[in-house]
Structures are given as structure tokens and as C-alpha cells.
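I opened this notebook to look up the aromatic rings and their surroundings, and I begin with the display below.

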Amino acid sequence: MQICKQVQARIETTRTEAQNQCRNVSRTISETICTWLPWPLDDLCDLVTRVITELVCAIVYVVITIVSWVWRTVCEIIGIIDWVVTLVAGALEWLGNRIITFPEWLLCLAGVGLPRKNLRICPMVIADESGKPIVPLESIQRQIRAATAIFAKCNVNIVASRIVVVTGKAHLAVGPECDAGGFFSEHKLEYEHLSCCSGFLESVNCLRFPSGLIWPRQILKAIWLDDVPGKQGCYIFPDSFVQIDKTATINVLAHELGHACDLTHRDDTDNLMHSAATHSELTDFQCCTIRTGRFVTYF
């Protein structure tokens, strides 16, 4: 989608440049040729030059406009297809994971001791125009440590890769609304396609496999933003990322990871999943649900 925007911007620039060039050509002909002709030939020269250049400019403008419209339409179609594929893949992965891990979930509820599992996350922070992370890396590390301590109660280890500072994408610093509108946000796909690892070998390390289904998927991204509108954090099913506001309190990351592992809000103020996320308690039912979430694996 970024390529689509870049090409579209170039097309618009070309259209503006073509208009300016047309004016320059008309003015040049008038100044270098027509002004040297005697009256009334000079006026006639100006008129013919103006008519021809205006006609040529109009044709060029129409052609570029048609190209722009076609390119924009193609990009929108590609974007819709990309959005649908991402949505369906995430939903299928969730469903397949819940079916496959159902026996494990029952054993967990029955109190059977099960091996420790891992929740692999990729912490990312959007940088401002100057390349400075909008959230200090020390603050992000504190939130990761707090989440690690909370999830350890469920015998789940949070494995965080290096913090990635996303530069050149300051427009992503303001996230979409954490509601149905955000579900269709253009930013959603850009967040999905942010790369945690560069290069083939690093990309392999960023995969979680198996994750309930037979194909590998990327680890869960935790993205720190300048503003998550109206919220301290957000997770929208079936995204593969959570959003964290720069003003988020210490437990918000753990709270949003809980949502990514299928936990819903609770009225108990002592529970991690209370909307305020000021405390860190988790029930056995919640722990079993976390352990069998699609982002939690044995490897």
C-alpha cells in the first residue's frame, strides 16, 4: 500500500509539473517569437500559441487524470483484497487454534500441570518526524517486565525481541479508533505489514510455529503510539498487533496482551482485565484461556 501512495503522489506531482510546463512553453513562444512579429501578426501568433498550448495541456491533463483514477482504483481493489485475506487468515487461525487446543484447555481447567509456554512479542515504537521514539525505550522495557511478571502467574513466559523503532512513518503515530471504525482503518493494514525482523534468518526467528494451525505466522506486535484515540491501549480481533498509548500505565501492555489471548473485560477492579487495568490478578479460567491463545506456543 505504501508503493501505491508513492506512485499516486508521483502522478499528482507529474500533473502539476505538466500544467506548469504548458504555461512556460506558451510564455516562451510568445516572448521569443510573437513579440518580434509586426502587428497584427504578433496578436495572431499569441492567439494561435495560446489555443494550441491550451489544447495540448488539456489533453495531457485528461490523460494523467485517467491514469491517476485507474491507479487509485487498482490500489483500492488490492487494499480490499489484502484486508479480506488478512482478516480471513486471522479468523481461521483463531478458530483452528481454539479447536486444536480445546483438550489442553480442559486439562488446564482440571488442574493438570502442563509445561511452560511462550508468548513471543515484537515491541515496536513509532518515531516522530525527527526519528525520535515517541515513547522512551526505558518506559517500554518497564511495561514488558511488568507484563512478564503477570503472565508468569499462568506459567507463560513473555519472550520479547529487540525494540524496533519505526522511522519514516510518523503518520502512524495516531492510531485508529478502537471500535468498528478502526476495524476498517487504512492504518490497520500498515500496522499488520510492519516488519519486526529484517532479512531471511531474522524473519524466521520472528515466526511462531506451531501456533495451532499448520502454517507459521508472525509473532504478536506490540506497537507504542503517540495517541490511541480515547484509550490507553487497544486490540481488535483478529489483528496480529496491539496498540499502546504513550500515556499508558504500567499494566496496559499486559491488559492488551490478555485481549489478544481472548480475555474480555471484567468488573473486578483487582483483575488485570478490568477496564482501568490498575491491578494484575488473573483467575485460573483466564490463565487457561491465555495458555491456549493463538499467540502462545510451546516453542
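Is phenylalanine 285 buried, partly exposed or exposed? I find that phenylalanine 285 has a relative accessible area of 43%, which lies between the 20% and 50% cut-offs, so phenylalanine 285 is partly exposed. I keep in mind that this is a predicted model.

Next I looked up the aromatic pairs, and the structure holds four of them. In one of these pairs, tryptophan 94 and phenylalanine 237, I read a distance of 5.5 Å between the ring centres and an angle of 80° between the planes, and because that angle is over 60 degrees the pair is edge-to-face. I then placed both residues along the chain: tryptophan 94 lies in helix α2 (residues 41-100), while phenylalanine 237 lies in the loop between β7 (233-234) and β8 (241-245), so the pair ties together parts that are 143 residues apart in sequence. For accessibility I noted 28% for tryptophan 94, which counts as partly exposed, and 37% for phenylalanine 237, likewise partly exposed.

I went on to the pair of tryptophan 105 and phenylalanine 285, which is edge-to-face, with 5.7 Å from centre to centre and 80° between the planes. This pair links distant parts of the chain, since I find tryptophan 105 in helix α3 (residues 102-109) and phenylalanine 285 in helix α9 (residues 284-291), 180 residues apart. I also noted that Trp105 and Phe285 form one aromatic cluster together with Phe102.

Last, I looked up a charge over a ring: the charged end of lysine 117 sits over the ring of tyrosine 298, at 4.7 Å from the ring centre.

Notes
Residues numbered from 1 in each chain as written. Predicted model: local features only at pLDDT ≥ 70, side-chain atom pairs only at ≥ 80, totals over all residues. Heavy atoms only, no water. Phe/Tyr/Trp six-rings, centres within 6.5 Å; stacked < 30°, edge-to-face > 60°. Helix = DSSP H or I, 4+ residues; strand = E, 2+ residues; numbered from the N terminus. Buried < 20%, exposed > 50% of the residue type's maximum accessible area, 1.4 Å probe, protein only. Lys NZ or Arg CZ within 6 Å of the ring centre and 35° of its normal.
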